[in-house]
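Please read the following report with the model open beside you, and look for each part as the text comes to it.

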Amino acid sequence: MSEENKNQTPEEPVSPESKEGGQETQEPKEEAKAAKPKKSKEKKYTLTREQMEQMELAAKQLEAAKDQYTRLAAEYDNYRKRTAREKETIYQDAKGDTIEKFLAVYDNLERALKTDDQSDSPHKKGMEMIFAQFKGILEAMGVTEIEALGQPFDPARHNAVMHIDDESLGENVVADVFQAGFMLGDRVLRFATVRVAN
């Protein structure tokens, strides 16, 4: 025997699948398993009329409890919103009532500055500083003075106590302001006391 024949080994038969992928595949076996219908293992129960009535009653009770829960949640949400609004309203009312009491101090400071004729006196300078500080505090709290002088008369903001005839002013125009009016946001704290022309 030659050396070439010794080194050669008899070839094993190779299937077409092994030539393509290098390994045998299990596809035909899996397809055969998938083709078999699975037996369902669902259990069937029979109910009596009494059991059906009990189930219907339980379903009605569940629906009623769900409806009651939904209503309760809506009521609580409304209560929460209403309480928040009431708290805000109470705070604004208390703030407005407190500021309204201090407006008398504003009037007195304003009168004191108008009566003192000595412009160089340290007393007047001190009063001016206090008055400016008081005005700054009111502005910081959201209080604004109602514009009145030279404006058309507005009964929602002005309180007319006198009437004069003045040809230089138009119809229903504020000629003089006796007492300044103030607003806190949209709320009138005090009406401006005015004299209206024509």
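In this predicted model, strand β4, which covers residues 182-184, runs antiparallel to β5 and is joined to it by 3 bridges. Strands of a sheet are held in pairs through backbone hydrogen bonds, and the pairing may be parallel or antiparallel.

These two strands belong to an open sheet of 3 strands, in which the order is β1-β4-β5 and the pairing is antiparallel. At the edges lie β1 and β5, each of which pairs on one side only. From one strand to the next, the twist averages 35°. Helix α4 packs on this sheet, where it touches β1, β4 and β5, and its direction makes an angle of about 35° with that of β5.

The strands of the sheet have these residue ranges:

| Strand | Residues |
|---|---|
| β1 | 143-145 |
| β4 | 182-184 |
| β5 | 187-190 |

Where does the largest share of the lining of the largest pocket come from? It comes from α4, which supplies 4 residues, while α4 (49-115) and β3 (173-179) each give at least two residues to this lining. The pocket itself has a volume of about 180 Å³, and among the residues that line it are Asp 107, Glu 110, Arg 111, Lys 114 and Phe 178.

Conventions
Residues are numbered from 1 along each chain as its sequence is written. This is a predicted model: local features need pLDDT of at least 70, side-chain atom pairs count only at pLDDT 80 or more; totals for chains, interfaces and linings use all residues. Side-chain values use heavy atoms; hydrogens and water are left out. On a 1 Å grid over the protein atoms alone, a cavity is a set of points where a 1.4 Å probe fits but cannot get out, and a pocket is an open set with protein on both sides within 12 Å along at least five of seven lines; lining residues have an atom within 4 Å of a point. Grid points are joined across faces, edges and corners, and a volume is the space filled by probe spheres set on the points. Two strands pair if DSSP finds at least two bridges between them. Axes are lines fitted to C-alpha atoms, for helices over the stretch in contact, and angles run from 0 to 180 degrees between N-to-C directions. Contact means heavy atoms within 4.5 Å.
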